[in-house]
Amino acid sequence: MDAPLLSVKDVSIAYKVGALDIVAVSNARFDVPQGSIVGLVGESGCGKTTMARALTRVIADNARIKAGQMQFAGQDIVSLSEKDMNSLRWRDIAFIPQSAMNSLDPVYRVEYQIVEVLRDRGGLSKSAARKRAVELFEMVGIDPGRLRDFPHQFSGGMRQRAAIALALALEPKLVVADEPVTALDVIIQRQILDQLRSLQRELGLSVIMVTHDISVVAYICDRTVVMYAGKVVEDCDTATLLNEPLHPYTMGLKNAFPDLHSAGTGILTPIAGSPPDLANPPPGCRFAARCPFATDQCRVEEPMLTEDAPGHFVACHRAVEAAALREEAKQPGTWGTAA
Amino acid sequence: MPETVADTHESGVARIFAAIRLPVGDPFALAGLVIYAVFIVTAICAPYIAPYDPSEILYTADYDLASDLPPGAKGHLLGTTSLGRDIFSQIVWGARSALLVGFTAAFMVAFIGSIVGLLAGYFGGWVDAVLMRLADVAFGIPFLPFVIVISAFSEPSIWNTVIAMGLVLWRDTGRVIRSQVLSLRSRGYVEAARVVGSSDLKIILRHITPNILPLSFLYGSIAIGWAILTEASISFLGFGDPDAISWGFMLQDAFASQALARQAYYWFIPPGLAIILVVSAGFFISRGYENLLFPKLGR
Amino acid sequence: MSDPIIELKDTKLHYKIGNAVSAMMGLSTTVKAVDGVSFSLRKGESVGLLGESGCGKTSMGRILVRLEEITGGSARFEGDEIGDLKGSDLQRFRSRSQMIFQNPFDAVNPRYSIRKTLEEPLANAKISRSTWHQRIIDALDLVGLGDPEQFLERYPHQLSGGQLQRVVMARALILEPDFVVADEPVSMLDVSVRAGVLNVFRDVRDRLGLTAIYISHDLALVRYVCERTIVMYLGKIMEDGPTEDIVHDPLHPYSQALVAAVPTPHVDQSHDPLPIGGGAPDPRNPPSGCVFRDRCPRAQLRCADEVPQPRRIGTRLVACHFASV
């Protein structure tokens, strides 16, 4: 197998809040293979967005990458100088935010903004940049006639497409998309996902897709990294993740998701309880308090992320019994009934 | 964390303080609060602090008029005026009128403005249209000439300033509070209160007013300074109440007696300084409120 | 069949927006949030209002709890025109028709304890004060907040989203209403707790025999809680019928696109391109005739001239000239 495009190794990121050090991401480890879409899933506060933003090194003022490496095409993003990082950003690693309104300046025409990026960062001449802007709009499926519009004249879906165009302007190798379709309606969501997928194939991009929706992951991602309370708990190809998950949290998430195309409506099962306080994480496995399969060992000893099968990483003491646990996890009674 | 929450919601008094939220965190605002405290104490205790009646014409031990004495002479801390009145006593009593004018005007501005803003913002429609057109009219009135006209038509009194401010300056408070109420009105919990059958009055009093109180106080604290300045200007222009000792009256008195030409700085600097201190204290406090209300402006 | 509890006939909610300038530029100054909607609900029925943002589903729900007053047609609750209710009739309506809001963090006053939040409806309905405590405990119990006593003196920021949404549900249910509108009640919640809130909703509805409207853009969620679904687009009803029928065999081209667009948690799902393109048009200038025609793969000349009226096809009402089984 080729070397991965991006290799995240034991990355920890902490926020300083008052006197507290809140470790939002701890010892994260995953790879992004060349030319693939990798999903980063988990609930709010699990660290997925922090992790994704850290890849562009655009993180909050009070956040700090405390440890680890992020090897990208032979360089470590963590230790790059701000100047080198700056030349990497956009040209090699581009970012698509959740709300495209954040990446478009309301007072300038969309064309001007794209042309500026192309001239500034890409070194194109004005006329070449204009031509490229038209190409980009055609590529993401917006009528290039709308280039002269202001961002507020665009619908939500068009803005998100424009944000994708802006991210792809300099032909990056890696695109980090932070919940790019969460705020959109189903039909537009599907259109954007299809667009992203075909562009990824066409241009040979790698994409990191942050989302809380495992249906979106199932639809578009080749590999999926599941995060819980700042930790990577499972990481494998999406088909295996959905069909033969090893981590109880992944099993629980699947149970909690409605499936439109199943025969009956069945019964959805919530995961009782809520994630631990990251300012004061419990010893042992962070999911233990909500896990129906937790043992005494789980509550004291933290499970390491290990490669259970080739390409399938999991952090669970009971991973070897996964097949049996999966059967048990399908019974609604297994998961209790608390809030 | 639960403890602090319990604290802020415990007693009625604590709740009022939590709602007013004195801006003690900001050093300027704190300085303003200290200046206010000194002036309030001075105003309240004026009869005990002032050594003389401020309008009494004083004589020296040898029956001369105690006029134009420099500071410190013959027991007059800040000296005396040309008519032999004690300047320190006038400053002390002036604090009383300044704070009386300031606080009543501030109360009127905040109170009328809040009521107008609440009604216009909450009910909308024709109530809003009428009140906001009235505000437009109030915006068109030049303030100082308006006070002068009022003073000319009624007996000279410090209350003219208060009435004029109440009639005109509610407009700013009203507008700002209206826009705040407009956004509060569409908050989920306000709509939820309507759905569970709470009356308009109950919604205004219990769900909306607590959120606009700090804004009322912001505009109130700005109005204090405005009122004191206005009263000083009116008195200085000679439309003031000749029987009420105020800092503006003192400046006018000094000016008319040509203290400036005689370089009697001790006469006009104290009232001038007093006005500057109290007015800027008011603005410091309002700045503190602004930082509390709109934390991003401070950065 | 029993009398309907909710009955809408040609209901309209039009907003005036913009000014003289936008009128001169040819932009209509009226937004038709709800434009001629008719349907009725039997007692105990649960209906999903499904559609994209701006389709009028939320306005519809707000009309039914009188947060919005209609500008045309009629909207009746047990035969009474909702907008005409006054005094004690309105007060009675307020205790019988309730709403569960989308954002639990916004729907409760942050200065109110949970107890105070739940006391508000009781006080309004003039319920005897001596019974308050028990009713609050019962309501919290009903929505699955175990050990309710511990929540009474807490404040909203001390609760998780899932717990808070249960409090919002408890407030809606404490007066034992007959009719509840739930406006995307789980869209702000984390995936792992959504199922819990949905289950409570289903359970309580069945236990109290509630008539319910569940507003959502997610057909999978609507399917989970409602036996009947109404699909809306630009203020109009496109299709109305049993949820399972719509899921498995949508008749209106718009419903077909909606069903096809929903991703599922399986890798082997269809990746075929959607039958429709573009986004919803500007609601100020909807197309003539059928509002969906400019995105519709089956649109013909007739669709531009003639507004399709809802037609009965089997179990369903479909507003399309060409739909057939």
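**Close-up views of a predicted three-chain model**

**View 1. The order of elements in chain B.** Read from the N terminus, the elements of chain B follow the order α-α-α-α-α-α-α-α-α-α-α-α-α, and in this predicted model the chain accordingly has 13 helices and 0 strands. Chain B contains 299 residues, of which 45% count as buried. When contacts in chain B between residues at least 6 apart in sequence are considered, 72% of them join residues at least 24 apart.

**View 2. Segments of chain B annotated in UniProt.** An unreviewed UniProt entry lists residues 28-50, 98-123, 212-229 and 264-286 of chain B under "transmembrane region", an annotation that may be inferred rather than shown by experiment. Residues 264-286 of chain B are 96% helix and 0% strand, and here the end C-alpha atoms are 34 Å apart.

**View 3. The largest nonpolar core.** This core has 285 residues, among which A:Ile208, B:Met165 and B:Ala223 touch the most other members. Helix α11 of chain B, spanning residues 200-236, supplies the largest share of the core, with 18 residues. Domain 1 (41-66 + 85-226) and domain 2 (232-325) of chain C each contribute residues as well, so the core lies between these two domains.

**View 4. The surroundings of A:Ile208.** Apart from neighbours within four places in sequence, A:Ile208 is in contact with A:Val32, A:Val38, A:Leu40, A:Ala52, A:Leu55, A:Leu174, A:Val176 and A:Ala177.

**View 5. Contacts between the chains.** There are 2 pairs of chains in contact, and of these chains A and C share the most contacts. Chain A and chain B, by comparison, do not touch, and their nearest C-alpha atoms are 13 Å apart.

**View 6. Strand pairing around β4 of chain C.** Strand β1 (residues 6-16) and strand β4 (residues 72-77) of chain C run antiparallel and are joined by 5 bridges, with C:Lys12 having C:Gly72 as its bridge partner in β4(C). On continuing to strand β5 (residues 80-81) of chain C, β4(C) pairs with this strand in the antiparallel sense over 2 bridges, and the bridge partner of C:Arg76 in β5(C) is C:Glu81. The strands β4(C) and β5(C) form a hairpin with 2 residues between them, and in its turn C:Glu78 has a positive phi of about 50 degrees.

Note on methods:
Residues numbered from 1 in each chain as written. Chains lettered and ligands numbered in written order. Predicted model: local features only at pLDDT ≥ 70, side-chain atom pairs only at ≥ 80, totals over all residues. Pairing = 2+ DSSP bridges. Helix = DSSP H or I, 4+ residues; strand = E, 2+ residues; numbered from the N terminus. Contact = placed C-beta atoms within 7 Å. Core = buried A, V, L, I, M, F, W, Y, C linked by C-beta atoms within 7 Å. Buried ≥ 20, exposed ≤ 12 C-beta atoms within 10 Å, placed from the backbone. Domains from an automatic or database assignment.
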